[in-house]
Amino acid sequence: MKLSLIVVTSVILATMPAAVAAQEKAQIYTSSHWVTWEPPSFESTAALVSAAADDYRWTGAIVGGVLLGAAGGVLLGGMCSENGDDNCGVTAAFGVLLGAAVGVPLGGLIGSLFPKGD
């Protein structure tokens, strides 16, 4: 048991430099020349996110979650009460969660289509 653990550890440690060396920058060939590809930096990603946040995505997500959540609660709660069940609270709560789960991304998507005015 100890011998196999030593062998496995030795193999992992022996191959680790090769795995690290394989993580070099990729060379991409275009029609005219070789280009070194580098992943985007965190600064450029943060700039893209802050530049793209000048819209109503969060407002739309909140409005969509509240409206569709309320509609889902009313719809499933009403369907439950028509069946003559006296305990419809859990069903209505599930309707609220289901409606909000659909409304938040849908509202955020719709809100992202409208830029904020300066």
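**Exercise 1.** In what pattern do the elements of the protein follow one another, read along the sequence?

*Solution.* Start from the model, which is predicted, so that local features need pLDDT of at least 70 and side-chain atom pairs count only at pLDDT 80 or more, while totals for chains, interfaces and linings use all residues. Residues are numbered from 1 along each chain as its sequence is written, and side-chain values use heavy atoms, with hydrogens and water left out. Next, take the elements as DSSP runs numbered from the N terminus, helices being H or I with at least four residues and strands being E with at least two. The protein then has four helices and two strands, and their order along the sequence is α-β-β-α-α-α.

**Exercise 2.** Which residues of H3 are buried, and is leucine 68 buried or partly exposed?

*Solution.* Buried means under 20% relative accessible area, exposed means over 50%, and partly exposed lies in between (1.4 Å probe, protein chains only). In H3, the buried residues are Gly60, Ala61, Gly64, Gly65, Gly69, Gly72, Gly73, Gly77 and Cys80. Leucine 68, which is also found in helix H3, has a relative accessible area of 33% and is therefore partly exposed.
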